[in-house]
Amino acid sequence: MTEPDLSDLDAFMAVVRARGFRAAATTRGVSPSSLSEAIRRLENRLDVRLLNRTTRSVTATDAGRRLFEQLSPVFKDIAGALDSVNSYRDSPKGTLRLNVPTIVARSILPDLICRFLKLHPGITIDVAAEDTFIDVLAAGFDAGIRYDERLEQDMVAIPIGPRRQRFVAAASAAYLAEKGTPTHPRELLSHACIGHRFKSRVLGAWEFARRGKSIRVTPNGPLIGSGIDLELHAAVAGLGIIYSFEEYVGPAIAAGQLVPILEEWWQGFSGPFLYYPSRAHMPAPLRAFVNFVIVQGGAEPA
C-alpha cells in the first residue's frame with residue numbers, strides 16, 4: 001500500500017467536518033469534484049471505504065470515524081506548528097474564515113474589515129454571510145459572529161459593533177393613508193405585513209416589547225421575502241408594513257420614503273459578539289483580528 005497524500009487526508013477531514021462535499025468545497029474554495037477525487041484516491045490507497053454517500057448526506061463509516069478521530073489532534077498540531085512561524089513576521093499572514101449573519105456583513109463588518117486589512121496586508125478574510133445557525137467550527141470556520149441568545153457556552157465571546165440594536169416598524173405614507181396607522185401591535189393582524197423567511201424556511205415572527213410586556217405577531221401579507229432589498233422595496237412601494245433592523249429601515253425613514261410606526265413598542269437587544277474556541281494555539285490571523293476588535297471596542301473577552 002502506498003502512503004496516502006497529506007492533501008488527500010486534509011480533504012477527507014474537511015468533508016467529514018462539513019458533513020458534505022459541497023459545504024466543504026465552499027469553505028475551502030475548491031470544487032466538490034476535486035474533493036470527491038481526493039477521497040476516491042485515499043480510499044483506493046487504504047483499500048477501505050471511508051464515507052457513505054447518498055443523494056441526501058455524506059457520513060463517515062466506522063473506519064472513517066476512527067481515522068477522523070485519530071487524525072484530528074495530528075492536524076491541529078500541524079496547523080499550530082505551521083502557524084507558529086507567523087510570530088516571527090512583522091505582520092501575520094494567512095486566511096481568517098468567518099461565518100456571520102447578513103446584517104453584520106452588510107452594516108457592521110465593511111468599515112471594520114477594511115481598516116483591519118490595511119493594518120495586516122498579509123491576511124485574507126473569507127466571510128460567509130448567512131442567517132442559518134450552524135456549528136461554525138465543524139464547518140471549517142475559524143470564528144463566527146452571533147447575537148447572545150445564539151452563542152455556544154464553551155466559546156470565548158467579545159463584543160463587536162454597536163452594543164445596542166433594535167427592530168423598527170414602518171410603512172409608506174400612502175399605505176398608512178389608505179389602511180390607517182396601527183397604534184398597538186395586535187392591530188397588525190388586520191394589516192398587510194411584509195414577512196421574512198430564513199434559509200431554514202422558518203418565517204420570522206415579529207416581537208414587540210413595552211414596559212415589561214412582550215407581544216409576538218406572525219406577519220401576514222402579500223409578500224414573504226428572503227432578502228431585505230426586496231422587502232424594503234415592497235414597503236416603499238406601499239405594499240405593507242415592514243419590521244426589521246434599524247440599520248436596514250432607518251435610511252428609508254430618514255429619506256422620507258417610510259414613516260415610523262409603533263415606536264414605543266420597538267424591540268431593543270444587545271449587539272453581536274465575535275466568538276471563537278478557547279485554545280492555546282489560536283491561528284495568527286484570528287489572534288490579530290481579536291486583538292483589533294478588542295482595541296476598537298475597549299472590551300475584554302467574555
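Throughout these legends, a residue is buried under 20% relative accessible area, exposed over 50% and partly exposed in between, with a 1.4 Å probe and protein chains only. The structure is a predicted model, in which local features need pLDDT of at least 70 and side-chain atom pairs count only at pLDDT 80 or more, whereas totals for chains, interfaces and linings use all residues. Residues are numbered from 1 along each chain as its sequence is written, and side-chain values use heavy atoms, with hydrogens and water left out.

View 1. Helices (H or I, at least four residues) and strands (E, at least two) are DSSP runs, numbered from the N terminus. Taken along the principal axes, the C-alpha atoms fill a box of roughly 80 × 45 × 30 Å, and buried residues account for 43% of the 302 residues. The chain exposes about 16,500 Å², of which carbon and sulfur atoms supply 52%; such areas come from the Shrake-Rupley method with a 1.4 Å probe, and for residues only the protein chains shown count as cover. Of the contacts (heavy atoms within 4.5 Å) that join residues at least 6 apart in sequence, 72% are between residues at least 24 apart.

**View 2. Helix 2 and its buried residues.** Within helix 2, which spans residues 21-28, the buried residues are Phe 21, Ala 24, Ala 25 and Thr 27. Seen down the helix axis, these residues fall within an arc of 160°, so they line one face of helix 2; the arc is that of the directions from the helix axis to the C-beta atoms. They pack against helix 1 (6-18) and helix 3 (32-46), and also against strand 1 (51-53), strand 2 (58-60), strand 3 (94-100) and strand 4 (123-129). On the face turned away from this buried side, helix 2 carries the exposed residues Arg 22 and Thr 26. After the helix comes Gly 29, whose phi is positive, near 75°.

View 3. The side chains of Arg 45 and Asp 8 meet in one of them, at 3.7 Å from N to O. Arg 45 is partly exposed, at 28% relative accessible area, whereas Asp 8 is buried, at 1%. Both belong to a network of salt bridges that links Asp 8, Glu 37, Arg 40, Arg 41 and Arg 45. In another salt bridge, Arg 53 is paired with Glu 43, and their closest N and O atoms are 3.2 Å apart. Arg 53 is partly exposed, with a relative accessible area of 34%, while Glu 43, at 12% relative accessibility, counts as buried.

**View 4. A salt bridge between Lys 179 and Glu 178.** The closest N and O atoms of Lys 179 and Glu 178 are 3.9 Å apart, and both residues are exposed.

**View 5. The aromatic pair of Trp 206 and Tyr 243.** Rings of Phe, Tyr and Trp (its six-membered ring) pair if their centres lie within 6.5 Å, and planes under 30 degrees apart count as stacked, over 60 as edge-to-face and the rest as tilted. A search of the whole structure finds 11 aromatic pairs. Among them, Trp 206 and Tyr 243 form a tilted pair, 5.6 Å centre to centre with 50° between the planes. The pair links distant parts of the chain, since Trp 206 is in strand 9 (residues 206-210) and Tyr 243 in strand 12 (residues 242-245), 37 residues apart. Trp 206 counts as buried at 4% relative accessibility, and Tyr 243 is likewise buried, at 9% relative accessible area. Both rings are part of one aromatic cluster, whose members include Tyr 147, Phe 167, Phe 208 and Phe 269.

**View 6. The surroundings of Leu 117.** Leu 117 lies in helix 6 (residues 109-119) and is partly exposed, with a relative accessible area of 29%. Not counting residues up to four places away in sequence, Leu 117 touches Ile 123 and Ile 125. Leu 117 and Phe 289 are 172 residues apart in sequence and 9.4 Å apart in space, C-alpha to C-alpha.

Definitions and conventions:
A salt bridge is a side-chain nitrogen of Lys or Arg within 4 Å of a carboxyl oxygen of Asp or Glu.
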